[in-house]
Amino acid sequence: MIKYIKDLFSGIYALLQGMYITNLNFWRPKVTEQYPEDRQTARQFERFRGELVFDMNDQNEHKCIACGLCARNCPNQSLEVITKSITTEDGKTKKVLDKFLYDLGSCTFCSLCTQSCAQKAIKWTNNFEHAVFNRSALVKQLNPEGSKAIERKPTVAAPKAAPAAGQNENQQ
Amino acid sequence: MLEVGGILSWIHEALSSSCPEWLTLLIEYVLIGVGFLALYALIALILILLERKVCAYYQCRLGPMRAGFWGLLQPFADMIKILMKEIIPLLKNDKFLFFTALFLVIIGSLCTFGALQFSKDLIGIDFNVGVFYVLAISSLGVLGILLAGWSSNNKYTMIGAMRAGAQLVSYELSSGLSLLTIVILGGTMQLSGLIEAQSETWFLFQSPFTWIAMIIYLIAGHAETNRGPFDLPEAESELTAGYHIEYSGITFGLFYVGEYVNMFTIAGIGTMVFLGGWQPFHINAEWAAGFNGVMDMIPTWLWFFAKAFGLVMLSLWVRWSFPRLRIDQLLHLEWKILMPISLLNMLLMALWVAYF
């Protein structure tokens with residue numbers, strides 16, 4: 001009988017505790033995003049993998065040396081690095097990037113490409129509005145027309161090995 | 001000033017000055033019926049929106065926001081959608097019982113709803129055995145639910161209906177006993193008489209045993225609406241939706257509406273018998289005359305709806321707080337905890353009334 005009454009009151013206390021917790025939740029700020037209305041102010045986390053882009057500087061130059069490591073690391077063959085040979089002023093033949101094709105439709109956003117890139121030439125942006133009317137529009141050329149790789153002076157030694165972790169991974 | 005009684009008596013005088021008595025009565029009956037049906041539908045829509053919004057807020061969401069300002073038109077959109085849906089006929093079932101069950105549920109729900117007293121002058125049904133009437137007519141829903149499960153010719157509906165039946169029949173006992181506890185305190189079975197007896201203070205503050213009766217009534221009433229932690233007839237993994245699996249379109253919609261209005265009816269009856277119905281909140285003291293005057297300014301129908309929706313909010317709060325019970329735990333709670341307590345409470349209340 002004493003146990004019955006004890007159980008009753010401890011049960012009621014436990015129930016009131018539960019109601020207290022849900023009441024706290026009731027008054028908490030809501031997490032729902034009102035998407036189309038707040039697209040101006042909506043903000044993703046910086047490490048959000050939206051779309052692959054080239055890390056361009058303001059002289060319309062990119063860092064890609066056309067080594068093809070990203071394309072070889074891609075599990076879906078979403079990347080295609082097309083190179084061409086040019087002859088530089090001092091008579092050397094050099095392999096440079098012609099087209100960097102990125103098929104967004106088959107990308108799984110695994111980020112193996114950015115992690116394997118020794119030059120940190122490619123990075124993720126937060127753009128997630130990828131919808132298009134035609135699948136062919138999903139294949140994007142990442143190096144803009146007329147862009148070129150950053151010229152490296154011959155005196156500069158080979159660049160240091162990039163850190164193993166991708167640059168996006170250690171933010172936030 | 002803001003009461004509706006003036007309008008009602010004006011309609012009555014206008015009708016009786018121009019019509020014979022039988023026609024006046026006929027027109028008034030039709031008007032009352034239409035009014036009740038409109039209020040029934042309106043309250044169901046409000047409750048559906050309230051449920052969705054409150055559910056969302058407890059889960060840190062916003063709920064429906066698109067239809068109308070702040071999603072206020074969402075239930076109307078739902079209603080139009082459900083009205084346009086097809087009613088799928090079943091091949092091998094008892095058609096007559098199938099549709100009778102639906103109307104039993106709706107009639108039981110609507111007749112109980114009619115016993116509510118929305119304000120000082122807005123009283124639909126006022127028998128001298130009002131409490132008995134409420135208890136009796138609300139049991140009609142159980143019959144409808146059992147018939148719905150049986151006539152659907154589907155084993156899941158059958159099991160769901162059996163569960164719902166066991167639950168409703170069990171919990172009607174303790175809700176009935178707590179109502180009878182109040183009848184002992186109030187000394188009458190007439191619902192308007194019970195409200196009249198609370199004009200000084202609400203029953204809640206007249207005796208400590210009313211608190212116990214109210215808590216038991218709210219638990220039992222919550223279980224009777226088949227919701228919250230007691231939503232055993234609806235079990236997605238075992239029974240899918242319970243007794244109304246085979247109902248589609250508006251036939252399902254009527255079950256849904258009936259369930260929601262039952263929630264309001266339970267809250268309304270709880271308001272009438274424990275919280276003084278339309279009676280304003282009064283402090284029974286000399287110094288509080290000004291406060292009481294301010295409370296009297298608020299129209300009585302607003303008092304009723306505020307209290308009833310307060311109890312509905314409590315029910316929603318409970319619903320989104322607790323994990324659901326197993327069927328044996330459910331019956332254990334009723335037969336071994338709530339029933340003995342409410343019987344003991346009734347005895348204590350009788351002693352209280354006799355000796356205080």
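Predicted model: local features only at pLDDT ≥ 70, side-chain atom pairs only at ≥ 80, totals over all residues.
## Chain A in outline

The secondary structure of chain A consists of 3 helices and 7 strands, and, read from the N terminus on, these elements follow one another in the order α-β-β-α-β-β-α-β-β-β. Among the contacts of chain A with a separation of 6 or more, 71% are between residues 24 or more positions apart.

Of the 172 residues in chain A, 25% count as buried.

## An open sheet in chain A

Chain A contains an open sheet of 3 strands, arranged in the order 3-4-6 and paired in the antiparallel sense. Strand 3, residues 79-87, and strand 6, residues 139-141, each have a single partner strand and therefore stand at the edges, with one side of each left without a neighbour in the sheet. On average, and with direction ignored, neighbouring strands of this sheet are turned by 30 degrees against each other.

The antiparallel pairing between strand 3 and strand 4 of chain A, the latter covering residues 93-103, extends over 9 bridges. One of the residues involved is Thr87(A), whose bridge partner in strand 4 of chain A is Thr93(A).

Asn23(A) lies in helix 1 of chain A, which covers residues 2-27. Is this residue buried, partly exposed or exposed? With a relative accessible area of 25%, Asn23(A) is partly exposed, because the buried class is kept for values under 20% and the exposed class for values over 50%.

When its neighbours within four places in sequence are left aside, Asn23(A) is in contact with Tyr58(B) and Trp317(B). Asn23(A) and Phe100(A) are 77 residues apart along the chain, and their C-alpha atoms are separated by 54 Å.

## A nonpolar patch on chain B

On chain B, a nonpolar surface patch of about 750 Å² is made by Leu42(B), Ile46(B), Leu73(B), Phe76(B), Met79(B), Ile80(B), Leu83(B) and Met84(B). Two helices of chain B, helix 2 (21-58) and helix 3 (74-84), each supply at least two residues of this patch.

Which element of chain B gives the largest share of the patch? The largest share is that of helix 3, with 5 residues, and Leu83(B), one of the residues of the patch, has its place in this helix.

Technical notes:
Residues numbered from 1 in each chain as written. Chains lettered and ligands numbered in written order. Heavy atoms only, no water. Pairing = 2+ DSSP bridges. Helix = DSSP H or I, 4+ residues; strand = E, 2+ residues; numbered from the N terminus. Axes fitted to C-alpha atoms, helices over the stretch in contact; angles between N-to-C directions. Patch = residues over 30% accessible without salt bridge, like charges linked within 9 Å, V, L, I, M, F, W, Y side chains within 5 Å. Areas by Shrake-Rupley, 256 points an atom, 1.4 Å probe, with all protein chains shown as cover. Salt bridge = Lys/Arg side-chain N within 4 Å of Asp/Glu carboxyl O. Buried < 20%, exposed > 50% of the residue type's maximum accessible area, 1.4 Å probe, protein only. Contact = heavy atoms within 4.5 Å.
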